[in-house]
Amino acid sequence: MNELLAWSIFLVGVGQLCVLVASAMVPQTLDWWSVLAPLPKLVRQLFWIYGFYVVLSIVALGLICIFNAQEIASRSPLARAFCLYVACFWGIRLGLQFFLDAKPYLSRWYLHVGYHLLTVLFVTFTVVMVWCAVG
């Protein structure tokens with residue numbers, strides 16, 4: 001069971017890094033440069049900084065899962081706390097998925113497929129990390 005959990009955590013780590021492909025497409029797909037141009041400079045800068053922090057968080061979560069899957073699967077108190085944090089991180093993002101109106105931006109087939117793939121990944125990340133935290 002521990003090996004299955006460790007393998008699942010490792011795959012969650014890889015999946016989190018794969019989400020960054022979609023993140024890299026967001027500024028161009030949503031045309032951030034034009035959309036944000038009318039905003040004050042500080043607001044534009046904060047917007048980019050917040051995006052950068054989210055990307056760095058996803059990189060960190062992914063790498064921690066990849067390189068520490070066995071230790072996280074041990075379910076030590078720290079491992080459970082980490083898993084609970086990751087489950088909350090992705091669970092909140094999953095919940096937001098149903099309130100965000102992305103339809104106008106799903107103009108190509110691959111964007112539509114990618115959007116639904118992201119939803120599957122968010123569910124998977126949340127379920128696996130809850131399993132590790134409380135299972």
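Colleague: Where is T126 placed?
Modeller: T126 is in helix α6. Helices here are DSSP runs of H or I with at least four residues, strands are runs of E with at least two, and both are numbered from the N terminus.

Colleague: Before we go on, what kind of model is this?
Modeller: This is a predicted model, in which local features need pLDDT of at least 70 and side-chain atom pairs count only at pLDDT 80 or more, while totals for chains, interfaces and linings use all residues. Residues are numbered from 1 along each chain as its sequence is written, and side-chain values use heavy atoms, with hydrogens and water left out.

Colleague: Back to T126, then. Is it buried or exposed?
Modeller: T126 counts as buried, at 14% relative accessibility. Buried means under 20% relative accessible area, exposed means over 50%, and partly exposed lies in between, using a 1.4 Å probe and protein chains only.

Colleague: What does T126 touch?
Modeller: Not counting residues up to four places away in sequence, T126 touches A87, W90 and G91. Contact means heavy atoms within 4.5 Å.

Colleague: What joins the side chains of Q97 and R93?
Modeller: A polar contact of 2.7 Å joins them. A polar contact is a pair of N or O atoms within 3.5 Å; within protein, one must be able to donate a hydrogen and the other to accept it, and residues adjacent in sequence count only if both atoms are side-chain atoms.

Colleague: Let us step back. How many helices and strands does the protein have?
Modeller: The secondary structure comes to six helices and zero strands. The C-alpha trace spans about 50 × 35 × 25 Å along its principal axes, and 30% of the 135 residues count as buried.

Colleague: And how far apart in sequence are the residues that meet?
Modeller: Among contacts between residues at least 6 apart in sequence, 76% join residues at least 24 apart.

Colleague: How do α1 and α3 cross?
Modeller: Their axes come within 7 Å and cross at roughly 160°, where α3 covers residues 41-67. That makes α1 roughly antiparallel to α3. Axes are lines fitted to C-alpha atoms, for helices over the stretch in contact, and angles run from 0 to 180 degrees between N-to-C directions. Angles under 35 degrees count as roughly parallel, over 145 as roughly antiparallel, 65 to 115 as roughly perpendicular and the rest as oblique.

Colleague: Which residues meet there?
Modeller: Those in α1 include I9, F10, V14 and L17, and those in α3 include W48, V55, I58 and L61. The residues of this contact divide into 15 nonpolar, four polar and no charged. Ala, Val, Leu, Ile, Met, Phe, Trp, Tyr, Cys and Pro count as nonpolar, Asp, Glu, Lys and Arg as charged, and the others, Gly among them, as polar.

Colleague: What about α1 and α6?
Modeller: Helix α6, residues 109-134, packs with α1 at an angle of about 145°, with the axes 9 Å apart. The α1 residues there include L4, L5 and V12, which meet α6 residues including L118, F122 and F125. The contact of α1 with α6 divides into 17 nonpolar, four polar and no charged residues.

Colleague: And how do α3 and α5 cross?
Modeller: The axes of α3 and α5 come within 12 Å and cross at roughly 140°. That makes α3 oblique to α5. The contact is made by S57, I58, L61, I64 and C65 of α3 and F82, Y85, V86, F89 and W90 of α5.

Colleague: One last topic: the loops. What is the phi of D31?
Modeller: D31 has a positive phi of about 50°, although it is not a glycine. Most residues other than glycine have a negative phi. D31 lies in the loop between α1 (2-29) and α2 (32-36) and is partly exposed, with a relative accessible area of 34%.

Colleague: Where does R75 lie?
Modeller: R75 lies in the loop between α4 (69-73) and α5 (77-97). R75 has a positive phi too, near 60°.
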